[in-house]
Amino acid sequence: RHGLRLTLEAFGELQVSLIQTDVAQDEKFALEQMPQSLAWLEQALHSAPAELVVAPETAVPLLPDQLESLSPGYWAGLERHFSSQQRHALIGLPLGDFDTGYTNSALGLGAAAPYRYDKQHLVPFGEFIPTGFRWFTQLMNIPLGDFARGPLDAPPFEVRGQRLAPNICYEDLFGEV
């Protein structure tokens, strides 16, 4: 397990562990692979030694209802683990549902109430479908492709008195945020 120590010069140090899942893109949304992937992620989140554990975009590639039906109590178990520790986690997953819409999000866990960040700058074809191109995503069999945008003024995630501003996949290219 490799960790990264992030030094915030004006405010002290915050130890961070970064988790990189190793699931091939053609297997990421395959339901038969999910139980193994979810079990690995849960173990990695639990055993990471840092004060903040960060898992990547869509580390959990299921909407909340899908996750609960596939692995009952999975998210509640993670919430319990991080709320009882002096540790925090920031985990990428889609939030919402197929009826009302969904976002590409990061959920923060820790002693306080869960934190939510919804991605604002969406990637064409991967997160939203430009007008006239729905045929492309149907051809590619992409299960999630019509994400809603998050707010421009998202609050920070607070960890040990530090205010962190996450971004998701390519958002760091947009300097106005």
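Here is a short walk through this structure, which is a predicted model.

Let's begin with the inside. In soluble globular proteins, nonpolar side chains tend to be buried together. In this model, the largest nonpolar core contains 23 residues. The residues with the most contacts inside this core are L41, L45, V60, W75 and I91. Helices α1 and α3 and strands β4 and β5 are the elements that each give two or more residues to the core. The largest share, five residues, comes from α1. Leaving aside residues up to four places away in sequence, L41 touches I19, T21, A55, A59, V60 and Y74. Apart from this core lies another one, made of 11 residues, including V16, L52, Y115 and I168.

Now turn to helix α3, which covers residues 74-83. Which of its residues are buried? They are Y74, W75, G77, L78, H81 and F82. If you look down the axis of α3, these buried residues fall within an arc of 155°, so they line one face of the helix. And what covers them? Part of the cover comes from two other helices, α1 (34-47) and α2 (64-70). The strands β3 (52-54), β4 (88-97) and β5 also belong to the cover.

Across the pair, G108 of the model stands opposite Y115 in β6. You have met Y115 already, as one of the residues in the 11-residue core.

Finally, let's look at the backbone. Most residues other than glycine have a negative phi, and most peptide bonds are trans. Where do we find R160? R160 sits in the loop between β7 (157-159) and β8 (162-164). With a relative accessible area of 47%, R160 is partly exposed. C169, in turn, lies in the segment after β8. At 31% relative accessibility, C169 is also counted as partly exposed.

Key. Residues are numbered from 1 along each chain as its sequence is written. This is a predicted model: local features need pLDDT of at least 70, side-chain atom pairs count only at pLDDT 80 or more; totals for chains, interfaces and linings use all residues. Side-chain values use heavy atoms; hydrogens and water are left out. Two strands pair if DSSP finds at least two bridges between them. Helices (H or I, at least four residues) and strands (E, at least two) are DSSP runs, numbered from the N terminus. Buried means under 20% relative accessible area, exposed over 50%, partly exposed in between (1.4 Å probe, protein chains only). The arc is that of the directions from the helix axis to the C-beta atoms. Contact means heavy atoms within 4.5 Å. A nonpolar core is a set of buried Ala, Val, Leu, Ile, Met, Phe, Trp, Tyr and Cys residues joined through side-chain atoms within 4.5 Å.
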